[in-house]
Amino acid sequence: MTDRLIRLMRIITLVQARPGILARELAERCGTSERTIYRDMDALSAMHIPITHKGRGRGYTFIGHFAMYPLGLTEEEVQALYKLLPVLDEMKPILPECFEGAYEKVLAAVYKQSAEKAEFQSGDREDHTES
């Protein structure tokens, strides 16, 4: 049961960090089969976690504004994190085993922070146009 709970939390983190992630990618990241991912998605849905499948080849994403708590990173820090993505696979052999999971959690929080910032700025513009 503990392994499944950890995997469910990892799925939530991965969907937030990488909107549009495919079941195949989730299975690889979680060390399980695609069929298990589909069962896990059913379980998350039963728990009212608002993850949706966007269609064949378009992966999973959250419905609405569901996300984990954001970090207070600067724009430069956010850009630095995203610049690491393309070289992460090359660096895996020299990184601690737990690095990838930690990095994905940070990216998930960064995504939430960016979404909230964009929403706030959009609302701010609407307030100014109504005046």
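**Exercise 1.** Leaving aside neighbours within four places in sequence, which residues is Val-110 in contact with?

*Solution.* Start with the model. It is predicted, so local features need pLDDT of at least 70, side-chain atom pairs count only at pLDDT 80 or more, and totals for chains, interfaces and linings use all residues. Residues are numbered from 1 along each chain as its sequence is written, and side-chain values use heavy atoms, without hydrogens and water.

Step 1: find Val-110 in helix α6, residues 99-130. Helices here are DSSP runs (H or I, at least four residues), and strands are E runs of at least two, numbered from the N terminus.

Step 2: list the contacts (heavy atoms within 4.5 Å). They are Leu-73, Val-78, Leu-81 and Tyr-82.

**Exercise 2.** Find the buried residues of helix α2 and say where they lie on the helix.

*Solution.* Step 1: apply the cut-offs. Buried means under 20% relative accessible area, exposed over 50%, partly exposed in between (1.4 Å probe, protein chains only). In α2, residues 23-30, the buried ones are Ala-23, Leu-26, Ala-27 and Cys-30.

Step 2: look down the axis. The buried residues of α2 fall within an arc of 100 degrees, so they line one face. The arc is taken from directions between the helix axis and the C-beta atoms.

Step 3: explain the spacing. An α-helix has 3.6 residues a turn, so residues three or four places apart point the same way.

Step 4: name the partners. The buried residues of α2 pack against α1 (2-17), α3 (34-46) and β2 (60-62).
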